[in-house]
Amino acid sequence: PNEFGALMVLAASLALSGGLFFQERKLRMLCWGTLPVFGLALVLTLSRSALVALILAGVTVLFLFLRHRSMNRRLRRVMALVLFGCVVGLAVLPLVPEKAFFRFSQLKAFTETTSWQGRVENWETHVALWQESPWLGWGPAKATMGTIVDNEWLLLLRRYGVIGLTVFLGLFGSSFLGLSRIRRVNSEPSLVALSVALQGTLVGYAVYMMVAAVYHCLQPMAILLLFLGLAYSQWQPKRTRLQEASKS
């Protein structure tokens, strides 16, 4: 459920960003139509961590949209999004099982849930292992150490130490900032929508990785890398841009 929920975070981010940034009316309607489908699919997984990641991704997409567009266009589309969300929310509310309401209501006091307490006990075990080799970690160590840590940041820290985690954070941050640079260089709406959606997804995944896994999960990570590769295929080094400008 968590892995499929993480995948729906990416899908919903793409739909939301497309609905906000696309110029073609048909494409925007397609994005608005698929957004509630992805949201409902995530809710049906009962994944609380994916729901939190979705909220953070959506807030990030909206924040970047409000910074990117002119005020009048921003207000119109945000108001349309709010009204659309209210209507769709009321329409799909009867489809949401009671168990989902119960699980999501536990987010108000998540530290008292048994799943959180079990995670904390698991984290304490792996923190103790990491402290025995803090700088370089233990490597994969699959033969002697468990792979289920319920915190991917801690798993990276235990495997690769402070140095490895620092490198990973550098790659994570450079991917996020690189998407911003791509948007500044190329203002084509579909590329802007893709870049903003991926930035929102990365923010959501950064929090999601505190209780689950993305980097060590084959399905969500492979799909995320495909979309990142698609966005970075439009990357143009500064030297190339200067040469094209001089020719024109």
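A residue is called buried under 20% relative accessible area, exposed over 50%, and partly exposed in between (1.4 Å probe, protein chains only). By that rule, buried residues make up 41% of the 248 residues in the protein. This is a predicted model: local features need pLDDT of at least 70, side-chain atom pairs count only at pLDDT 80 or more, and totals for chains, interfaces and linings use all residues. Residues are numbered from 1 along each chain as its sequence is written, and side-chain values use heavy atoms, with hydrogens and water left out.

Start with the fold. The protein holds ten helices and zero strands. Helices (H or I, at least four residues) and strands (E, at least two) are DSSP runs, numbered from the N terminus. The C-alpha trace spans about 60 × 55 × 25 Å along its principal axes.

Now look at contacts, meaning heavy atoms within 4.5 Å. Take those between residues at least 6 apart in sequence: 71% join residues at least 24 apart.

Next, a single residue. S49 sits in helix α3, which covers residues 48–68. Its relative accessible area is 16%, so S49 is buried. Leaving out residues up to four places away in sequence, S49 touches N2, Y208 and V211. With N2 there is also a polar contact of 3.4 Å between the side chains. A polar contact is a pair of N or O atoms within 3.5 Å; within protein, one must be able to donate a hydrogen and the other to accept it, and residues adjacent in sequence count only if both atoms are side-chain atoms.
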